[in-house]
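Please look over the sequence and the model below before reading on. The paragraphs that follow begin with one residue and its surroundings, and then widen the view step by step.

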Amino acid sequence: MADDAPEAAPEAAPEAAPEAAPEEAAPDTEAPPEPEAVVVVEPETESKGTETAALPAEQPEHVSEASASTQETSAQATQADEPPAPPMPPAEDDARPASSDDAKVVFRVEPEGFTHPRSLPVNTTVEQARAIVSGDLGIALPAIGLRTSGSTVDAPDNVTLASLGAVAGQAFEVSLNVRSSQAMAKDHAALPAIDVEVVVDGQPRLVQVSIDRSKIVRKPFLGGYRHKKTEVVYNHASTQTERKPRYTEADRKLSRETQTHKHVQRSQQSTREFGTQMARPDLLLADAFDREVIPGPYMTAEALDRLREQKAIIIQCHVRGWFARRLRADLRKAYTERLAYLAEQEARMVEQADDRRRREIDRRMRPRKAEDFEILYNELEAWRLQEAKTIKEAHLPKEDEDAALRQLLFKETKLLQTIDRLKQVAAKENSEARVQKSLSSMSEPKKWELANGTTVHVHTPFTTRAKELMQLYNGLKLPLLTTDERLDVLLHVKWTVKEFDCNLSREIVELVDREADLLNRGRSVASLEGLRKRLANLFLQFVETPEFNPEATRQMMVPGEASV
């Protein structure tokens, strides 16, 4: 790893100093960049520089000196917005045997001076050579230029290496100019392999090494310190070596659970002992109940397999029959349920049609709303027009036609009178319904919602008072009461209204005394009908007054307007 290599320290520390911590703060706070195969270059010696690649401990790798120098140059360059490079031709396999048309081209990276050897055919164009070098070194294609020795201008792309001076079977050196303003380092994950020059049996050899980057993870930033005098930044480092397990397999065997075995010993004695005895010259055995058992034919493995197959087929037949019967039962059940549903729907539709027909008849026989009377008036008008048309089309004499029209007018008048009587009855019933609805609303308990979301019904003194007044009013409206029952109701009404002294209460008390006197005199119910109606209306007014019934305030359209 680059952090643990002693030769990598001189170059790694200065590069990490600006990013590790500012000059004012001693502890390092910024995280290092992504650790993707960072290349660390040692100081150059008199002959040439050497370099080491920081790779995971599980997958050691070696990087050529030309690859290290070009990656360092690409890391310092800024990425410019340039058009994407053309597709690179497939790189040739370095392990293949050299052809007679191949020349060993040595690419010298300027201005670093590192070399990257490569065997290429002499008829390779400059564009193809640039693409191959771009793929080998991971440098953007527009940032690479090839020049011959002593030239200051990049060679054209359509020129071959032979025209530049390359000869088959000989070494040919060209300058690789990496323009720092256009250098764009490619993603390291896209670099599948690198070329490494090794010495085998005293001879240099170029080997292509594949890189496995699946196990590269981001190294944790552990902080660091900065020397206040020398301004040198020291970063904390960590290794990739896995820690030893805290407990080995031998330690686990020394635990109490492993060395302790829980067992229980039990003995068993059968209730009856058996044994066998063979006949001897000195022993007589009874053989009256003995029987001979003759073994059956021997069954081979093939016969057993056939028998198993036959029995399996029989089981399959029964199971499939069971599945079929169950499916038939499910289908029959679904069909029966469908028929029952359709019959229920049909019966419901017939019932709904009957209800609609009964409602329409009831609306005409006992109208209650304005819409019901509108239907009656419209039907009456349609009937009158139809009858008049029939009389006109009959072409009767003038006297007969006038008589028929007068008879039609008389029938229409009778029907209109009937509709007016129905209106009066409907108005009376609607008024009673409104009064009962108002009294029921005043006597209903209060609904309170608790903190847990439940609702409770609570009777307050006001609702209790309203319920008692409603019962007294309904008692005054009850018909067919005996004299004693009527007198009892009147007595309760008198005690209720005498709690308040006002004109309304005094008038109700006077009417109650008058009706009680008439009942004691034996007057008929028909003669008391008007008196009872007046008494009921006055008591209803008493109930709807907020001073006597506080719950009546909620039923008033304009609260506070009631007068006693």
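Begin with Glu401, which has its place in helix α9 (residues 398–443); helices (H or I, at least four residues) and strands (E, at least two) are DSSP runs, numbered from the N terminus. This is a predicted model, in which local features need pLDDT of at least 70 and side-chain atom pairs count only at pLDDT 80 or more, while totals for chains, interfaces and linings use all residues. Residues are numbered from 1 along each chain as its sequence is written, and side-chain values use heavy atoms, with hydrogens and water left out.

Glu401 counts as buried because its relative accessible area is 15%, where buried means under 20% relative accessible area, exposed over 50% and partly exposed in between (1.4 Å probe, protein chains only). Once its neighbours within four places in sequence are set aside, Glu401 is in contact with Ile391, Lys392 and Leu396, contact being defined as heavy atoms within 4.5 Å. With one of these, Lys392, the side chain of Glu401 also makes a polar contact of 3.0 Å. A polar contact is a pair of N or O atoms within 3.5 Å; within protein, one must be able to donate a hydrogen and the other to accept it, and residues adjacent in sequence count only if both atoms are side-chain atoms.

Thr390 is partly exposed, because its relative accessible area is 41%, and a polar atom of its side chain lies 2.8 Å from the backbone oxygen of Gln386.

Leaving aside neighbours within four places in sequence, Ile508 is in contact with Val493, Val497, Leu535, Leu538, Phe539 and Phe542.

The structure holds five aromatic pairs. Phe539 and Phe542 form one that is stacked, with 5.9 Å centre to centre and 20° between the planes; rings of Phe, Tyr and Trp (its six-membered ring) pair if their centres lie within 6.5 Å, and planes under 30 degrees apart count as stacked, over 60 as edge-to-face and the rest as tilted. Ring pairs also link Phe500, Phe539, Phe542 and Phe548 into a cluster.

Finally, consider the protein as a whole, which has 13 helices and 12 strands. Buried residues make up 26% of its 564 residues, and among contacts between residues at least 6 apart in sequence, 61% join residues at least 24 apart.
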